[in-house]
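Visitor: Please pick one part and take a close look at it with me. Which pieces touch there, and how?

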Amino acid sequence: PSPVPRQVQLHVLFEHAAGYALLAVRPTEEVQLLQPQVEESALSLGRFLALVRLEAFSPFRSAQAALENMNAVSEGLLHEDLRLLLETSLPAKKKKVLLGVGDPKIGAAIQEELGYPCQTGGVVAELLRGIRLHFHSLIKGLTAQAASKAQLGLGHSYSRAKVKFNVNRVDNMIIQSISLLDQLDKDINTFSMRVREWYGYHFPELIKIVSDNYTYCRLAKLIGNRKELSEESLEALEEVVMDSAKAQAILD
């Protein structure tokens, strides 16, 4: 007889600026089979709540605690707050549990230190999308405005800390400025060559008379249709090329 499929209880860890949330997903024999259902129900709170339930929520004690935890998550380290939540909220039988996480690095740390198998991507990514959308409705007492304020505050703190820890921050500005100038030079040359190529089909002789890219582009804008050039255009041409002989050559 074929073996009876073992049901796996999928839990999902969601990191928010307000705290860690652990959600249990409806038990299933094959986790990946849930993906179409999750995709269909993610936008509807009622249908999404039929698939997931909040198992535990561990709010951060302060803004500083939130920053410390997010730094740990971004570096793939298991913070004590997260360890405590997982150890107290996940079932003891680790083989029957699959923990969905957003970041493979934190998943590897949890698997190594606590022994819970972790998964990222696929159905987990879709579940996290739904949780992110409905998070303030899943947590009792948390409003959308309060959740947004927490995210904004943590975002500012996290960014400030990253800038402060970067010892090369002054050099970075110089390096980026030089890179920007180099890129602008390349872009200007590319666009100038395009103008020369395209306008050259209409007025091929102009390339031989004017070699400077900037002057060529100004002339292309001034002349437009070469058939409309006349003696009256001579003065305007001289202003652009700063050379009466070249202006006359263009007119001829």
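**Helix against helix**

Guide: H4 and H5 are oblique to each other. Oblique is what remains once other angles are named: under 35 degrees is roughly parallel, over 145 roughly antiparallel, and 65 to 115 roughly perpendicular. This is a predicted model, where local features need pLDDT of at least 70, side-chain atom pairs count only at pLDDT 80 or more, and totals for chains, interfaces and linings use all residues. Residues are numbered from 1 along each chain as its sequence is written, and side-chain values use heavy atoms, with hydrogens and water left out.

Start with that pair. H4 spans residues 80-89 and H5 spans residues 104-114; they pack at about 60°, with axes 12 Å apart. Helices are DSSP runs (H or I, at least four residues), numbered from the N terminus. Axes are lines fitted to C-alpha atoms over the stretch in contact, and angles run from 0 to 180 degrees between N-to-C directions. The crossing of H4 and H5 is right-handed, meaning the near helix is turned clockwise from the far one by less than a right angle. H4 brings Leu 82, Arg 83, Leu 86 and Glu 87; H5 answers with Ile 106, Ile 110, Glu 113 and Leu 114. Contact here means heavy atoms within 4.5 Å. Five of these residues are nonpolar, three are charged and none is polar. In this scheme Ala, Val, Leu, Ile, Met, Phe, Trp, Tyr, Cys and Pro are nonpolar, Asp, Glu, Lys and Arg are charged, and the others, Gly among them, are polar.

Now go to H10 (residues 213-223) and H11 (residues 234-241). Their axes come within 10 Å and cross at roughly 160°. The two are therefore roughly antiparallel. H10 and H11 cross right-handed. From H10 come Thr 215, Arg 218, Leu 219, Leu 222 and Ile 223; they meet Ala 236, Leu 237, Val 240 and Val 241 of H11. By class, that contact has seven nonpolar residues, one polar and one charged.

H11 also packs on H12 (residues 244-251). The angle is about 130° and the axes are 8 Å apart. So H11 and H12 are oblique. Their crossing is right-handed. H11 supplies Leu 234, Leu 237, Glu 238 and Val 241, while H12 supplies Ser 244, Lys 246, Ala 247, Gln 248, Ile 250 and Leu 251.
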